[in-house]
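Biologist: Hey, could you walk me through this one? I'm new to it.
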Amino acid sequence: MENQSLIINGQNLEGDHGNIEIKSPWDLQTFASVASASKVQAENAVASSDEAFQTWRYSNLSDRMEIFTKAIKSLREEAEWLAQLLHKEIGKFEEDARSEINRSIDYMELMLSAMKHWKGNVYYGDIDPKYPRNKKTGIYSRVPLGVVLAISPFNYPINLSITKVAPALLSGNTVVLKPSTQGAYTSYEFYKHFTKAGLPNGVLNIVSGSSKEIGDPLLTHPLVKLIAFTGSTEVGNHIRKVSLGVPLLLELGGKDIGVVTENADLELAVKEIVKGAFSYCGQRCTAQKLALVHVSKYDEFTHRIAEETQKLELNPMIDESAADFVMELYIDATSKGADVKVSPNHESNKLSPAVVSNVNPEMRVFYEEQFGPLLPIGKYETEEELIKLVNGSPYGLQASLYTSNIDQAFRLADKIEVGTVQINAKPDRGPDNFPFGGVKDSGQLMQGTIETLDLMTRGKMVVVNT
Ligand code: G3H
């Protein structure tokens, strides 16, 4: 069985706690293993990244960009092999795994071009009569913070790590990456291309292991200057509690409500919501996890959704407990009066898509994130009632409005409290140059390209007095 070692200061190290086995969701057979780091190893990784920062921060941007250019080239050559690994490791369809790998390499290209446009500013003192022209000039630049702790989730281990790692490294920070265990194997393989491209030792350290053992030591390490995390709201809230004033970029859960108004093109809404709810088995923060439908369209919409859902073949869920949780919410909803439109087949981590209608806020699935292939459908009558239901959600990542009335689109988009409102399309993080983030239990701050560079650096003024 193949094993991946920790990467700390350019060394491949065995984990002090041995290895953790990774089972492929497709057949639940052991696929590979990754090293399990100890608290001391996690601390060493941060210390090594901090030491590397003292040099990397003053490196030439052209040198950093050249390393990226080389890594992009060799990643492109291995993209298909990496996609196959990812497909096995996290149970994504081959096509989706391929898209994640390619999208991640494309993002690196995008960041290289962002670096060409990212700039500071010049301030002139002659706004004040005390300082005649050219007497006082302020040069405002952005400088790196230090060690960035990047924590990536199982559902997009590559894309949701590179969108942290690339802006951090290009802006002169160093990184400790803690990948989710499921996804860590492919992550190690992906980031080896950076070493091969000449990234100096310690600039990117990778530590896999149990969150119980290394989570808090990393999160509370005094040399960590920024935490960029994507994952569950539960862990995100823990990070908010323990992180002691360190800036946080958090992308957490979402409900991503699909609102089907009386003016919706039903064919479009059904197509988008089915895709939005069930792709990658609903294990996406942007999966459409509740549909609220105007009473005038409710029966037809529900009927069509059920018809389309029955045709789907889904990938397996990441593990059995994830599937059990979806079933728990399904049973809760049906026991409280939800109508079963498509019933699920459940065996271990395999769960077929399910649809329940007539849901209301008394049912857990109305506001809790199922993160799986279950679409609940509720109805509303007035816009006032709709806004109350949507904004009653603890989540605020995205929402979709299906309407052919542009006035209604603007009116509702203005009132819905989320990071992104999609008009006539399913929720989506991409394209990756779009700023993305949520509010409330969905996280904080909008990430993107230039946006992330700004968030991962601080302003610095040099004032030239003549
Ligand atoms: O799971 C959270 C991801 O940010 C969702 O990304 O919209 O590209 O599927 P996606």
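Biologist: What does the side chain of Asn 155 do with the ligand?
Modeller: An N or O atom in the Asn 155 side chain is 2.7 Å from a ligand oxygen, a polar contact (a pair of N or O atoms within 3.5 Å). Keep in mind that this is a predicted model, where local features need pLDDT of at least 70, side-chain atom pairs count only at pLDDT 80 or more, and totals for chains, interfaces and linings use all residues. Residues are numbered from 1 along each chain as its sequence is written, and side-chain values use heavy atoms, leaving out hydrogens and water.
Biologist: And how far is Thr 286 from a ligand oxygen?
Modeller: A polar side-chain atom of Thr 286 is 2.6 Å from one. For Cys 285, a backbone N or O atom lies 2.6 Å from a ligand oxygen.
Biologist: How much of the ligand does the protein bury?
Modeller: The protein buries 97% of the 300 Å² that the ligand exposes when taken alone (Shrake-Rupley method, 1.4 Å probe).
Biologist: What kinds of residues make up the shell?
Modeller: Four nonpolar, two polar and five charged; here Tyr and Cys count as nonpolar, and Asp, Glu, Lys and Arg as charged. Arg 103, Glu 251 and Phe 436 are among the residues around the ligand, with near meaning a heavy atom within 4 Å.
Biologist: Switching topic, what are the domains?
Modeller: Domain 1 (3-252 + 442-465) and domain 2 (256-431), with bounds from an automatic or database domain assignment.

Technical notes: A polar contact is a pair of N or O atoms within 3.5 Å; within protein, one must be able to donate a hydrogen and the other to accept it, and residues adjacent in sequence count only if both atoms are side-chain atoms.
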